[in-house]
Amino acid sequence: MNKRMDRRNFLKFSSAGIASALLGSSGLLSWSPRAHAATISQTFYITEGFITQPDDVDVYFKGFSTDTNSLTVPGAQLIAQEGDTVKVTIVNTLGTSHSFKIDGVVDSGAIGGGQTKTVEFTVNNAGSYLYYDGLNAPYNRLVGLHGALAVMPSGSSNELYDGSPTFVQQYFWVINDIDPAWHDRIRRRRTPNTPFTPSYFTINGRSMRVPGHPDYANPAIDSGYALDTRLEGSIGDRTLVRILNAGQCMHSVHFHANHVEWLARNGQPRADVWKKDTVLLPNNIGSLDVIYPFEVPPDSWPPAPTGHYPMHFHDEMTQTAGGGLYQFGIATTIAFK
Amino acid sequence: MFNILEKHSPMMGMGGGGGGGGGTCYVYPDAPATPGEVTPDVTYNRGIYMNGSMTMDDGNSVTIWGFTDGGGGGMGGGGNQFPSPAMRVTEGQVVHTNLTVNGMMWLHTIHHHGIEPSTENDGVGHYSFDVDGTYTYQWKASHAGTYFYHCHTNTVLHAEMGMYGGLIIDPPEGPGTLHSGGPTYDVEAIWACDEIDSSWHNKNWDAGTCGGDEGFNSLNPDYFIITGVDGAQSALTNPGVAVTMNRGQKLLVRYICAGYLPQRINFGGLTATVHVSDGRVLPNPVQMTEIEASSAERYDCIFEPTEAGVYEVTCDFLDWVTGAVVGTARTRINVN
């Protein structure tokens, strides 16, 4: 038996461990268009461990991690352009089989415990994609094995799709709903046998903290300050937000201070771009692509070009942790600088 | 960077108690002067009631909280309306919403949903303050359409308890026109569809704020209502909800998804022409026989029925995981 397969102690992480593995100095998804296609390479290590939730409960997760000693949930954000080849190597450090799948694009098939597999695929259609483990569906995906891939239109740095409204910066928000009873069953290699009842709600793997909490404003833990969730801009800094739902719940995404331009749902560009303050996010790999325009809040009087506001989900169950702790769920801050 | 939070300290462990961890955590009591306060074009005064009730068609009574039409002026004479008394203003007006809260007993805010004012006037406790005393929310009505206002303190509980009311911005043409250059209407209805989980309706205002399992992650509604009227039977005929109109007239339904679960409203064979959603005119109106909506969306729907009849409108409330119908509220459009 591979020694990786009978580790006695799971790795334990606060969400601080996630952040250091996930991103460099900026949370923005950065991109410079190229004239020619290229090959994008990424290695993921499938690992497991516990992540501490806002009420100090440790919950089991698996992740597409950046090294063998970390647990990265969700996995690293990938970005490519149309025509590129993406080469992903999966090192499965666990004793269970896993896979790497993007609907309609690639499916590695089962990668057995202790095995390594490389898949290469070409990305031909601009848009926002969830990569995930398609085995033992939906459990492996829900327990943390998912992440985001952006495909830019060829040669473009500021469009979601050819001819779309343009942006100057972009973010991914990957949403998950966590039922700790399900995660514990998966840890014990059993199939969940209770109705799905999530009690933690995350955006890029984190939940919100508020003033007075010791982790408030810690970008490694607080989704209001995490570099990859918090929207920051000055007036005119139109921001594309690619919202992917790895979880099982439908949600309501509510933006304060500006309406968003609603460009796409489930990867399909909308015939008309509507301006909305609230949009339904479909479940089970559903997605939304919206542009937050960073305009002076139109109802402010006197006009207020600076300030900060929440984005939060309006199905308010998502604003809780462990059945209480309002404000400790799926939310982030929109800062007008 | 401007950071209003630095001016305030959260109030922790306020006492009170109740289920879960007990006490009050992560609230931010204050009532500062309104920045840049000007003389408003219109003023609303709102107080708090937390002893209201709604009697359901099965005879049971459920506790309701809300906003009173209170304070200066004496218009409307207080009372415990549910939904809370509506606000109706005209595009271009500067509005004051004066909220008075007895902070010794509880804290609340008003967030005018879909209205986009400055941080101080947005009514989100942890980004500004929870009102302790009287605060004047100042905002300008920039876009005609349908909105609603609700409490944004311990929102998961307070909005479920009924702390919301309608908010309409008319274009300069006034009521009867949806938006400038848009359709006119002869008959108007506001349908705020909401679900109630009565097991949540016996808690303290600060329940769960210090932690503890209050069950707020799981809404299991047992009543389904339209604009404060039970959608099991009463809303079929209640004159404040059900519509009676004549052929040749135009009906505007302002549909508000006021609950937490996804909804699917079906117009019973009539076709809606949706001109405005979330207070923004659509580039092209769309025709819909039913609408799937998520919490807090609004759709402004014009109907021009050509045949007399009784059209039964059904609002299905959907399980957020399976999409299964967990309950239905019904009303009618009676066309003579």
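**Figure 1. Where chain A and chain B meet in this predicted model.** On the chain B side, 56 residues are in contact with 51 residues of chain A. Four elements of chain B each put at least two residues into the side that touches chain A: strand 8 (133-140), helix 1 (155-158), strand 18 (280-288) and strand 19 (290-293). Which of these strands gives the most to the side of chain B that touches chain A? That would be strand 18 of chain B, with four residues. Sorted by class, the side of chain B that touches chain A has 25 nonpolar, 22 polar and nine charged residues.

**Figure 2. Chain A as a whole.** Chain A has three helices and 21 strands. Its C-alpha atoms fill a box of roughly 70 × 50 × 35 Å along the principal axes. A compact globule of 337 residues would have a radius of gyration near 20 Å, and chain A, at 19 Å, agrees with that. Burial runs to 54% of the 337 residues of chain A. Take the contacts in chain A with a separation of 6 or more: 69% of them link residues 24 or more positions apart.

**Figure 3. The two domains of chain A and the side where they touch.** Across the boundary, 37 residues of domain 1 of chain A are in contact with 37 residues of domain 2 of chain A. The elements giving two or more residues to the domain 1 side are helix 1 (15-22), strand 3 (58-65), strand 9, helix 2 (139-142) and strand 10 of chain A. Helix 1 of chain A gives the most here, with six residues.

**Figure 4. Strand 10 of chain A and the strands it pairs with.** Is strand 10 of chain A largely enclosed or open? Seven of the seven residues of this strand (residues 146-152) are buried, so strand 10 is largely enclosed by the rest of the structure. Burial holds for both faces: H146(A), A148(A), A150(A) and M152(A) point one way, G147(A), L149(A) and V151(A) point the other way, and all are buried. Strand 4 (residues 78-81) of chain A runs parallel to strand 10 and is joined to it by four bridges. Look for Q81(A) here, whose bridge partner in strand 10 is M152(A). Strand 9 (residues 127-132) of chain A pairs with strand 10 in the antiparallel sense, over six bridges. In that pairing, L130(A) has A148(A) as its bridge partner. Both strand 9 and strand 10 of chain A also turn up among the elements on the domain 1 side that touches domain 2.

**Figure 5. A six-stranded open sheet in chain A.** The strand order is 12-11-14-19-16-17, with mixed pairing. Strand 12 (200-203) and strand 17 (268-276) of chain A are the edge strands, each pairing on one side only. On average, neighbouring strands of this sheet are turned by 20° against each other, direction ignored. Inside the sheet, strand 14 (residues 239-245) and strand 19 (residues 286-292) of chain A run antiparallel and are joined by seven bridges. A handy pair to find is L240(A) and I291(A), the latter in strand 19, which stand opposite each other.

**Figure 6. The two domains of chain B.** Chain B divides into domain 1 (4-172) and domain 2 (188-335). Here 22 Å separate the two centres, again over C-alpha atoms. In contact across the boundary are 36 residues of domain 1 of chain B and 38 residues of domain 2 of chain B. On the domain 1 side, the elements with two or more residues are strand 2 (42-55), strand 3 (61-69), strand 9 (145-150), helix 1 and strand 10 (164-170) of chain B. That side of domain 1 of chain B has 18 nonpolar, 16 polar and two charged residues.

**Figure 7. A four-stranded open sheet in chain B.** The strands come in the order 3-2-5-8, and the pairing is mixed. At the edges are strand 3 and strand 8 of chain B, each of which pairs on one side only. From one strand to the next, the twist averages 25°. Strand 5 (residues 94-101) of chain B pairs with strand 8 in the antiparallel sense over eight bridges. One such bridge has T100(B) with its partner T134(B) in strand 8 of chain B. Strand 8 of chain B is also among the elements that touch chain A.

Definitions and conventions: Residues are numbered from 1 along each chain as its sequence is written. Chains are lettered from A and ligands numbered from 1 in the order in which they are written. This is a predicted model: local features need pLDDT of at least 70, side-chain atom pairs count only at pLDDT 80 or more; totals for chains, interfaces and linings use all residues. The radius of gyration is taken over C-alpha atoms; the globule rule is 2.2 Å times the number of residues to the power 0.38. A residue is buried if 20 or more other C-beta atoms lie within 10 Å of its own, exposed if 12 or fewer, and partly exposed in between; C-beta atoms are placed from the backbone. Two residues are in contact if their C-beta atoms, placed from the backbone, lie within 7 Å. Two strands pair if DSSP finds at least two bridges between them. Ala, Val, Leu, Ile, Met, Phe, Trp, Tyr, Cys and Pro count as nonpolar, Asp, Glu, Lys and Arg as charged, and the others, Gly among them, as polar. Domain bounds come from an automatic or database domain assignment. Axes are lines fitted to C-alpha atoms, for helices over the stretch in contact, and angles run from 0 to 180 degrees between N-to-C directions.
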